[in-house]
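Hi,

Here is the structure I promised to pass on. Have a look first; my notes follow below.

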Amino acid sequence: MLCLSDSIRVDDPSLHQGLQAAYDAPNLTALIMQAWALARVIAIHVVESVLMEWACRPTRWPPCPACGKALHSKGFAKREVTSLLGVIQWRRRIGRCPQGCEIGQVVPFDEALGLSPYQRSSWELQYLGTSLAVFVPYATAAELLSWYSAGSISARAVWRWAQGAGGRAVSRLNSALAALERGEEPQAEGLADGLDAAPLALSADGVMVPFRPHNRDGKGKTKWREIKVGVLARLGQHTTRRGQVITRLYHRRLVAVLGDMDTFKPRFWLEALRQGIQQAPQVVWLSDGGRGFWGLYDSCLSAHARGILDFYHAAQNLWKGAASWLDGRTSQARKWFHWARHRLRHHDPDDVLEDLLEALEVERLPEQATEALVKLYNYLNGHRRHIDYAKYEALGLPLGSGMVESACKWLIQQRFKGVGMRWSETGFNHLLHLRLAWVNGTFDELFQMEASPNR
């Protein structure tokens, strides 16, 4: 028998037999696994022993919430919680009202441990399970967690933990939005040394996600809905091994919402204030030609940020115009497109606008080609203040909105667009806010205990 102390004894013969077998037939993996199993059993005994010691200390009983009389101890009752170590059991005092008021059992020790009345799993188990669910499906997260904790964890349990944590994240956001609406601006988030002088880049885009036709019933045709995603990051310079200086994103923060632009706008502005939009030496907004997001820029960002139309989106529209005007299969169309893209990128965009205007005024074009060129001209002319790409490059600013397109892929598509996935609105929102909390560095705050053990 292995004796650790007078109160902690491990006498499971299977553990000793396993260690003996690993010792007799040298195998590193077998030895480590048997030692890990022994360590888990020892840890459970240690935790249970300490809990019993704490539980035997004098208890300060609160007054009865109904009559005000001091509660009395009714003896010890068993408590059981599943943890990373396995199932932990201990006994602690319970209290009741001496007048018989129907207030149920009162257990101050459980409150000191940070446990709710019906909590069956410990916070660190919920934390790890929810962390896994942020990245992989619930069933996969439950399987991985079961391997780690040597217990049986169901996918339903992981789902409940994620929904609870996601609900707390939503509540925190709603409180911050309510404070902003009252005129209470959030405090700017602290930055690493040197980043406070770096430009702040903002961008936003949308991505489609499959939803159930009804929130609870999965029957019926899939309903696709747009998720609006925003990115805020500081632009820093990085030198590669070959000596090339490139721009990198630092202190990246994300905003995302299932809703319209009126729902997205206050969330994005809240995060912009946190990231110091009013203090940053230079702010840049990058976006494609979507009217909704440029409306966001015009309404609340234009006073602080320089707007840049995504160059690659502008070039794509140039090719559409060239293909309709000169037939995309001809060398003339390709020649004009390369000229226009080069002039737009490295020289004066007014040259491209003048060439389009001349074609509309001089040439007799088919109706379809005329409509395409008018649309291209209005598109570029409407963004004339946002397409001075040679100037932006000289300032060291990015020309494309790739940072938000990338965020849409790894924030939304990698987790929410798996094979056969369809989401309810509530389930999606809670998991989305968990992924946002993980990226934005606030995930741990969702699992902070309200109380610590009395010692």
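At roughly what angle do the axes of helix α6 and helix α15 cross? Roughly 75°. This is a predicted model, so treat what follows as computed from it. Helix α6 covers residues 155–181 and helix α15 covers residues 425–439; their axes come within 8 Å. At that angle α6 and α15 are therefore roughly perpendicular to each other.

The contact draws on both helices. From α6 come A162, Q163, A165, G166, G167, A169, V170 and L173. From α15 come T426, G427, H430, H433 and L434. By class, that is six nonpolar and seven polar residues, with no charged residues.

Next, helix α9.

Helix α9 runs over residues 311–326, 16 residues in total. From first C-alpha to last it reaches 22 Å, close to the 22 Å expected at 1.5 Å a residue. Its buried residues are F311, A314, A315, N317, L318, G321, A322, W325 and L326. They cover an arc of only 160° around the axis, which puts them on the same side of α9. The general rule behind such spacing: an α-helix has 3.6 residues a turn, so residues three or four places apart point the same way.

What covers that buried side? The cover includes β9 (306–309), α10 (331–346), α11 (349–362), α12 (367–382) and α13 (389–394). The face of α9 turned away from the buried side carries Y312 and K320, both exposed.

Best wishes

Note on methods
Residues are numbered from 1 along each chain as its sequence is written. This is a predicted model: local features need pLDDT of at least 70, side-chain atom pairs count only at pLDDT 80 or more; totals for chains, interfaces and linings use all residues. Side-chain values use heavy atoms; hydrogens and water are left out. Helices (H or I, at least four residues) and strands (E, at least two) are DSSP runs, numbered from the N terminus. The expected span of a helix is 1.5 Å times one less than its number of residues. Buried means under 20% relative accessible area, exposed over 50%, partly exposed in between (1.4 Å probe, protein chains only). The arc is that of the directions from the helix axis to the C-beta atoms. Contact means heavy atoms within 4.5 Å. Axes are lines fitted to C-alpha atoms, for helices over the stretch in contact, and angles run from 0 to 180 degrees between N-to-C directions. Angles under 35 degrees count as roughly parallel, over 145 as roughly antiparallel, 65 to 115 as roughly perpendicular and the rest as oblique. Ala, Val, Leu, Ile, Met, Phe, Trp, Tyr, Cys and Pro count as nonpolar, Asp, Glu, Lys and Arg as charged, and the others, Gly among them, as polar.
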